[in-house]
Amino acid sequence: MNRASDLLMAVSIGAGLNKNKIIEQAVEAMEELFKLAIMGEPLWQHNGNGGMETLNGFQYLREFGSFDATMEQIMRMVEVGEPQCFISSDCNCNFDQDVPSSFSKLNFEPLNIETSRETAFVEMNPMNIVQLLMDTKQWATTFYSIVSRTTLLGVILENVDGSYNGVLQVMSAEFHQRTPLIPARQCYFARYCKKHTNGTWGVVDVSLENLFPYPQVQFRRRPSGCVIQEVGNRGSKVTWIEHVEVDNRSLHPLFRPIVSSGFAFSAKRWIATINRHCQWLTTSTARTAPTTDGVLIPQEGRESLLKLAEKMTKNFFNNINSCSENVWSGLPQNFAAQDVRLRYGNILKVPGKPSGNIVIFTTSIQIPVPMEVLFDFLRHERTRNRWDLLSNQRHVRELVYVSNGENPKNRVSIMPVNGSALCLIRHLGKEMEPWEVS
């Protein structure tokens, strides 16, 4: 998504007719979001993947799409598997009435549909969550493990009293996973915020590709977002919904199951990320945070260490994702490791340090061991010299650490390498199911 495309979209949404269309689509998306948030079975069903809720395609079309007896008869002929691919509600179903079995003449959407819903308690009041989502910079900073970059292209509706109630804005964004083998997802969408009469807030996203057609659409967001309810003075009940269409044809086979099932970009992951952000804020602002060894780190030092670890992790994600700014290349065919990717980049200019270039290599492999076993092997300082070449068979010890949240494995550590001037900063964290070691 280059700058020229963003400028073209910013000009297009300024037209009066386009504004009215965007407003109408955003209002309809908000209505759908609230219905999706409160409805249960048979519209939503548990698919057994970590307790994740997914939409029933037939029921969704009955509730929100153009659905008649002929369409129902046709859809019963479709085998729905993983991913749950069903006909788009806005598709054109042109078929020969005399030959109902001419199934191949149907115009199916070439995109896979991923849906998920997650409801959880978040230790943050509704207004702060709304601000976090409506402020594009704060949103990208909080969800840096999902959002590569974002641009605010224009504000269609504003609120004169300074709140976000009724605010409608148009954005561009890229969503990523932590590997170049999963293509980044790029789209333009409207984000609409509304406070309802019972004090419940809704923030919904909806793609604008149907208003501004493009030659090839690889990703678009159907009404997605969250419904936020205040829970006393302790925080908020958040119901998050992800409903997207995506072209997964270029997806690497290694990641096809986790992505096609909707798990990789699921609502559960967004909820886990915002909860992790809340834990981070609590840890950085706590007056005291003793470790199990009784070591006390002053608040200023603890906050600085956490900021350093956060910056380190952001740079790590920026280096390995597949956003438009990262151009990855494969190794020549005569190399055995065909899943290795490399790219060249420039070292950011830092005062007092020489500038230069950097070469980044990355690969993804599948290891037949339980996730917890592998994580413990990588995180423990006693086993680090068995896989880390920088330690060079030297003894590595944990000098001090800061725990982040209730799980003791979520921590930031300072680890010196004995017999060397090398000192390591290690960040361990768990976001939903995957563990991170950086």
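The model on your screen is predicted.

**Stop 1: a surface patch**

Select Ile365, Ile367, Val369, Val373 and Leu374. Together they make a nonpolar patch on the surface. Ile365 sits in the loop that runs between strand E13 (357-362) and helix H10 (371-379). Is Ile365 buried or exposed? Its relative accessible area is 64%, so Ile365 counts as exposed.

**Stop 2: Glu325 and Arg149**

Salt bridges come next. The count for this model is 17. Begin with Glu325 and Arg149. Their side chains form a salt bridge, at 3.3 Å from N to O. Follow the chain from one partner to the other: they are 176 residues apart. Glu325 lies in the loop between helix H9 (299-320) and strand E11 (329-330). Arg149 belongs to strand E4 (residues 147-157). Show the surface here. Glu325 is exposed, at 57% relative accessible area. Arg149 is partly exposed, because its relative accessibility is 23%, which falls between the 20% and 50% cut-offs.

**Stop 3: Glu245 and Arg220**

Select Glu245 and Arg220. Here the salt bridge spans 3.2 Å, N to O. Glu245 is in strand E10 (residues 235-246) and Arg220 is in strand E8 (residues 219-221), so the bridge ties together parts 25 residues apart in sequence. Are these two residues buried or exposed? Both Glu245 and Arg220 are buried.

**Stop 4: Glu398 and Arg411**

Move on to Glu398 and Arg411. Their side chains meet in a salt bridge of 3.2 Å, N to O. The partners are 13 residues apart. Look for Glu398 in the loop between helix H11 (381-384) and strand E14 (400-403). Arg411 is in strand E15 (residues 411-416). Arg411 counts as buried because its relative accessibility is 11%, under the 20% cut-off.

**Stop 5: a network**

Select Arg191, Asp205, Arg221 and Glu242 together. What links these four residues? They are joined in a network of salt bridges.

**Stop 6: Phe317**

Finish in helix H9, where you will find Phe317. Phe317 has a relative accessible area of 3%, so this residue is buried. Phe317 and Thr179 are 138 residues apart in sequence. In space, their C-alpha atoms are 8.6 Å apart.

Terms used. Residues numbered from 1 in each chain as written. Predicted model: local features only at pLDDT ≥ 70, side-chain atom pairs only at ≥ 80, totals over all residues. Heavy atoms only, no water. Patch = residues over 30% accessible without salt bridge, like charges linked within 9 Å, V, L, I, M, F, W, Y side chains within 5 Å. Areas by Shrake-Rupley, 256 points an atom, 1.4 Å probe, with all protein chains shown as cover. Helix = DSSP H or I, 4+ residues; strand = E, 2+ residues; numbered from the N terminus. Buried < 20%, exposed > 50% of the residue type's maximum accessible area, 1.4 Å probe, protein only.
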